[in-house]
Amino acid sequence: MARYTGPMTKKSRRLGVDLVGGDAAFERRPYPPGMHGRARVKESEYRAQLQEKQKARISYGVLERQFYNYYVEASRRTGKTGDNLLQLLECRLDNVVYRAGFARTRRHARQLVSHGHFLVNGKKVNIPSYQVAQYDVIDVREKSIETTPFIVARETHGERVVPAWLEAVPSRMRILVHSRPVRAQIDVPVQEQLIVEFYSKK
């Protein structure tokens, strides 16, 4: 699956929110990039909806077609479409690895998953978009536990709060999925209703 590999700080500045987490360059220049970055921007309903969609899409490292497919799947499910959409994004394997504190960023987590470092319920999974389910057990492969990324992950574990729907066991490099997340447990700074409104017009 293709992915965006360009500069994330530029995207963060364009959308006015730190999409990476702890981005010092974003903090240093909290205004849009480019020579007209400080110019007044005309606000509109469409612009607000588009920005929220871009925030969510870029935060999770998903391209447009795949993000739209998530929206279609979310709209098919019972319950609020916006909540379902964020739940689908949160349950991606690369996001779960990031949330558990086993990777510095979602990009880093995606790379670790793609390189085949993880087992889900004892089976190797190298697809970042793999949807984890309640009661899944995610382990770092035995061969990978003593590699640098996971040594660092054990040493720095605890610096980031692990959400209540997950449990991280750094001594065993294991992640337990207790449940699927509810909206209150998802701290991505987006207004999902605006995303639903954006796509409902199409």
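**Sheet and helix notes**

Analyst: Strand S1 (residues 118-120) and strand S3 (residues 137-140) run antiparallel and are joined by three bridges. Strands (E, at least two residues) and helices (H or I, at least four) are DSSP runs, numbered from the N terminus. This is a predicted model: local features need pLDDT of at least 70, side-chain atom pairs count only at pLDDT 80 or more, and totals for chains, interfaces and linings use all residues. Residues are numbered from 1 along each chain as its sequence is written, and side-chain values use heavy atoms, with hydrogens and water left out.

User: Which residue is the bridge partner of Phe118 in S3?
Analyst: Val140 is that partner.

User: What is the strand order of the open sheet?
Analyst: The five strands follow the order S2-S1-S3-S5-S4, with antiparallel pairing; two strands pair if DSSP finds at least two bridges between them. Strands S2 (123-124) and S4 (166-169) are the edges, each pairing on one side only.

User: And what stands opposite Ile175 in S5?
Analyst: Ile138 does, and Ala168 also stands opposite Ile175. Ile175 and Val177 form the covered face of S5 (residues 174-177), while Arg174 and Leu176 form the uncovered one.

User: Changing topic: is Phe198 buried or exposed?
Analyst: Phe198, in helix H9 (residues 192-200), is buried, with a relative accessible area of 6%. Buried means under 20% relative accessible area, exposed over 50% and partly exposed in between (1.4 Å probe, protein chains only).

User: Which residues does Phe198 contact, leaving aside neighbours within four places in sequence?
Analyst: Phe198 is in contact (heavy atoms within 4.5 Å) with Tyr46, Gln49, Leu50 and Lys53. Leu50 is 148 residues from Phe198 in sequence, yet their C-alpha atoms are 6.7 Å apart.
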